[in-house]
Amino acid sequence: MNRPHLDGPWVGSEIGKLRQVLVHRPDLELQRLTPANRHELLFDDVLWVSKARQQHDAFVAQMREHGVEVLYLHRLLAEALEDPEARRVEIERAITGHTVGVGAVVEIRAMALELSPEQLATCLVGGLTKAELRADGVDVDGLARHSLLGAANAEDDFILPPLPNSLFTRDSSCWIYNGVTLNPMYWPARQREVINVATIYRYHPRFRDADFQYWYPPSDPLGEFETLAFGRASLEGGDVMPIGNGVVLMGMSERSTGRMVELVAQTLFASGAAERVIACRMTKDRAHMHLDTVFTFLDRDKVTVFPKVVEAIKAYSVRPGDKEDSFSVTTENSFLDAVADAVGVKKLEVIPTGGDTYQAAREQWDDANNVVALEPGVVISYDKNEFTNRMIRNAGVKVITMDGSELGKGRGGGHCMTCPLLRDPL
């Protein structure tokens, strides 16, 4: 198949040399996690944010040492919002009756338009409280006369909730060959994240004139945002892996559905960008919410897996059917054998989560199988996963370790915290 030149966002494998990546540095949104709201915001614990920021900075430094250009979501969003049209569209999509209540829309949109691009980006990711509205000049007492949220919320209650899961840039969008999906995520706590990345891809100079496709939604990403079918047709990037040879792995997990696998496959096949999607039906559990929490690539023929879950995956190869917008679906005998066939090797070398039964379960929980490859045979992993890291090294893979004592509390490793924008093809 024809492949585009490396002149823009392009990701055709999980292990080709990583050239450019999108991350989000821990900030205000994580400072707003509390024991009371952490479950609603999809966290199992609160983080020591300054320590998490130091760990994230060290992670970024390791990538840069290997020649990776690291882009920050907050910075790109602020730069995109310098465009007046971007500001207007982002505000109209993020500040609605569904997010701030019908009675407060007009005042909060007006306030947001007066913020600097940097302040607006912070508000969109970090959230907005009633007290902050007052500090930004909104007549909160007057607002309370026609806004239920304005009347009922306490000063420290959120009018616009924060987006602490922005740390995991893998999920809100994913680059597949020469295009991107803007993902309708499963949980309400994450759904506004996609508006921010959509604004970046549509308006930031790095992306505005770049040659790439939107696989989902298949046209204007912000214009169609309100049509995204959250919940019943959901997708998160931790379940999506372009692995080369025109093949994409897509998990059917706690947070990604078969409906979205078909919608993305439909546009990939129609454009000729992919010719096979391997759908991976997983058991649904918080401990392995995405495919990449139990399976990632280490090298061309090496993967790390959590056997208890991976051995139970049912794999289905989806290919274009005989008629337009139809599919041919084949049940695979083995998930790992299907992946080996797709990448063109006789058999994958499988490195399981290390330790005894108890330690393996602990290390899977601590993202031992959620490593990110910087190039074939070089990965970054949390240092606390000692047993698994040792086994990966014994398989001939270089493991660069990082402190994940705070970052890991979010239930995501290096793979989750990176959205690759450009990788060398294999």
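## Starting with Glu 14

Leaving aside its neighbours within four places in sequence, which residues is Glu 14 in contact with? In this predicted model, the list runs to Arg 170, Val 240, Met 241, Pro 242, Ile 243, Phe 297, Ala 373, His 415 and Arg 423. One of these partners, His 415, also makes a polar contact with Glu 14, side chain to side chain, at 2.7 Å.

Glu 14 sits in the segment before strand S1, which spans 18-23. Is Glu 14 buried or exposed? Its relative accessibility is 7%, so Glu 14 counts as buried.

Averaged over the chain, pLDDT comes to 91, and 94% of the residues reach 70 or more.

Now look for an open sheet whose strands come in the order S11-S12-S15, with mixed pairing. S11 (295-299) and S15 (349-352) are the edge strands, each pairing on one side only. On average, neighbouring strands here are turned by 30° against each other, if you ignore direction.

S11 and S12 (residues 302-305) run antiparallel and are joined by four bridges. For instance, Thr 296 has Thr 304 in S12 as its bridge partner. Helix H15 (residues 335-343) packs on the sheet and touches S11, S12 and S15, with its direction at about 40° to that of S11. Helix H17 (residues 386-394) packs on the sheet too, touching S11, S12 and S15, and its direction makes about 160° with that of S15.

Asp 383 and Met 402 are 19 residues apart along the chain, yet their C-alpha atoms are separated by 5.4 Å. Beyond residues up to four places away, Asp 383 touches Asn 389, Thr 401, Met 402, Asp 403 and Gly 404.

## A helix on the inside

Why is helix H3 (residues 73-80) largely enclosed by the rest of the structure? Because six of its eight residues are buried. They are Leu 73, His 74, Leu 76, Leu 77, Ala 78 and Ala 80. Their cover includes S1, strand S2 (69-72) and helices H4 (84-94), H7 (117-126), H11 (193-203) and H12 (205-208).

## Salt bridges

How many salt bridges does the structure hold? There are 25. In one of them, Arg 190 and Glu 236 meet through their side chains at 3.8 Å, N to O. This pair links distant parts of the chain, 46 residues apart: Arg 190 is in the loop between S6 and H11, and Glu 236 in the loop between S7 and S8. Glu 236 also forms a salt bridge with Arg 255, at 3.5 Å. Glu 236 has a relative accessible area of 0%, and Arg 255 is buried as well, at 3%. Both pairs draw on residues of a salt-bridge network that links Asp 171, Arg 190, Glu 193, Glu 236, Glu 254 and Arg 255.

Another salt bridge joins Arg 276 and Asp 341 at 2.7 Å, N to O. Arg 276 lies in strand S10 and Asp 341 in helix H15, so the pair ties together parts that are 65 residues apart in sequence. Arg 276 counts as buried, at 7% relative accessibility, whereas Asp 341 counts as exposed, at 51%.

Note on methods. Residues numbered from 1 in each chain as written. Predicted model: local features only at pLDDT ≥ 70, side-chain atom pairs only at ≥ 80, totals over all residues. Heavy atoms only, no water. Helix = DSSP H or I, 4+ residues; strand = E, 2+ residues; numbered from the N terminus. Buried < 20%, exposed > 50% of the residue type's maximum accessible area, 1.4 Å probe, protein only. Polar contact = N/O pair within 3.5 Å; in protein donor to acceptor, adjacent residues only side chain to side chain. Contact = heavy atoms within 4.5 Å. pLDDT = per-residue confidence, 0-100. Pairing = 2+ DSSP bridges. Axes fitted to C-alpha atoms, helices over the stretch in contact; angles between N-to-C directions. Salt bridge = Lys/Arg side-chain N within 4 Å of Asp/Glu carboxyl O.
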